[in-house]
Amino acid sequence: MLIRFTCNGKAVQLEAQPEARVIDVLRDELGLTGTKEGCGRGECGACTILLDGKPVNSCLLLAGKIADREITTIEGIAGKDGALHPIQEAFLDKGAVQCGFCTPGMILSTKALLDENSAPELAEIEEALSGNLCRCTGYGKIVEGVLEASERLRQGSHHRGDVS
Ligand code: FES
Ligand code: FES
């Protein structure tokens, strides 16, 4: 079936089985290999993407379900000039990235959280990241990364507000 959707701001149309997994479409058809497959059954969050702004596990999402919808992968959040997104920078600066396998999913879950709630409490961060497993960091540095990102994004929007 011909499936049309928006991926990282670009219109895409491709032939896919409606029951194909979105993670396979992204990685194999579109070459977007930033989305990682860990468990393949909805438990680890490594495959997290945003579907209309909400985090979902792309290993459980079927291609037929993204028709006419908008998805964002880790490749879609950097600036146009290739600059890292402030969440990515904050994660790096706080040492929240070790092997990096969980990182794209963590970053996208964080983005969904901060887009809705620019100053989350610790419990809200833990809740937002509860579906994303990390086998390396012990989570402390990831939470620090989220707090740092939240602060930087709030400051950034002040600055933008100041100049306009
Ligand atoms: S690979 Fe999708 S949740 Fe683990
Ligand atoms: S940094 Fe290795 S799994 Fe999280």
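Two residues are in contact if their C-beta atoms, placed from the backbone, lie within 7 Å. By that test, residues 24 or more positions apart account for 62% of the contacts in the chain with a separation of 6 or more. The model is predicted.

## Overall build

The chain holds five helices and five strands. Along the sequence they follow the pattern β-β-α-β-β-β-α-α-α-α. The radius of gyration is 16 Å, close to the 15 Å that the globule rule gives for 164 residues, so the chain is as compact as a globular protein of that length. Its C-alpha atoms fill a box of roughly 45 × 40 × 25 Å, taken along the principal axes. Buried residues make up 38% of the 164 residues.

## Two domains

How is the chain divided? There is a domain 1, spanning 2-76, and a domain 2, spanning 86-163. Their C-alpha centres lie 21 Å apart. The contact between them takes 15 residues from domain 1 and 13 residues from domain 2.

Look at the side of domain 1 that touches domain 2. Strands β3 (48-51) and β4 (54-57) each supply at least two of its residues. The largest share, three residues, comes from β3. By class, this side of domain 1 has seven nonpolar, six polar and two charged residues.

Strand β3 can be read residue by residue. Thr 48 and Leu 50 point one way, while Ile 49 and Leu 51 point the other way. All of these four are buried.

Which strands pair with β3? The table sets out β4 and β5.

| Pair | Bridges | Direction | Residues standing opposite |
|---|---|---|---|
| β3 and β4 | four | antiparallel | Thr 48 and Asn 57 |
| β3 and β5 | two | antiparallel | Leu 51 and Ile 71 |

Strands β3 and β4 form a hairpin with two residues between them. One residue in the turn, Asp 52, has a positive phi of about 50°. The other partner, β5, covers residues 70-72.

## The largest nonpolar core

Which residues touch the most other members of the largest nonpolar core? They are Val 22, Leu 51, Ile 66 and Ile 71, out of 40 residues in this core. β1 (2-7), α1 (22-29), β3, α2, α3 (103-116), α4 (122-128) and α5 (140-163) each supply at least two residues. The largest share, five residues, comes from α3. The core draws at least three residues from each of domain 1 (2-76) and domain 2 (86-163).

Leaving aside its neighbours within four places in sequence, Ile 71 is in contact with Phe 5, Cys 7, Ile 49, Leu 50, Leu 51 and Ile 66. Two of these partners, Leu 51 and Ile 66, are also on the list of residues that touch the most other core members. Leu 51 is also the residue that stands opposite Ile 71.

Is Leu 114 buried or exposed? A residue is buried if 20 or more other C-beta atoms lie within 10 Å of its own. Leu 114 has 20 C-beta neighbours inside 10 Å, so it counts as buried. Its place is in helix α3.

What is Leu 114 in contact with, leaving aside its neighbours within four places in sequence? The partners are Ala 149, Ser 150 and Leu 153.

Phe 5, one of the contacts of Ile 71, lies elsewhere. The C-alpha atoms of Leu 114 and Phe 5 are separated by 24 Å, and the two residues are 109 residues apart along the chain.

Conventions. Residues are numbered from 1 along each chain as its sequence is written. Chains are lettered from A and ligands numbered from 1 in the order in which they are written. This is a predicted model: local features need pLDDT of at least 70, side-chain atom pairs count only at pLDDT 80 or more; totals for chains, interfaces and linings use all residues. The radius of gyration is taken over C-alpha atoms; the globule rule is 2.2 Å times the number of residues to the power 0.38. A residue is buried if 20 or more other C-beta atoms lie within 10 Å of its own, exposed if 12 or fewer, and partly exposed in between; C-beta atoms are placed from the backbone. Domain bounds come from an automatic or database domain assignment. Ala, Val, Leu, Ile, Met, Phe, Trp, Tyr, Cys and Pro count as nonpolar, Asp, Glu, Lys and Arg as charged, and the others, Gly among them, as polar. Two strands pair if DSSP finds at least two bridges between them. A nonpolar core is a set of buried Ala, Val, Leu, Ile, Met, Phe, Trp, Tyr and Cys residues joined through C-beta atoms within 7 Å.
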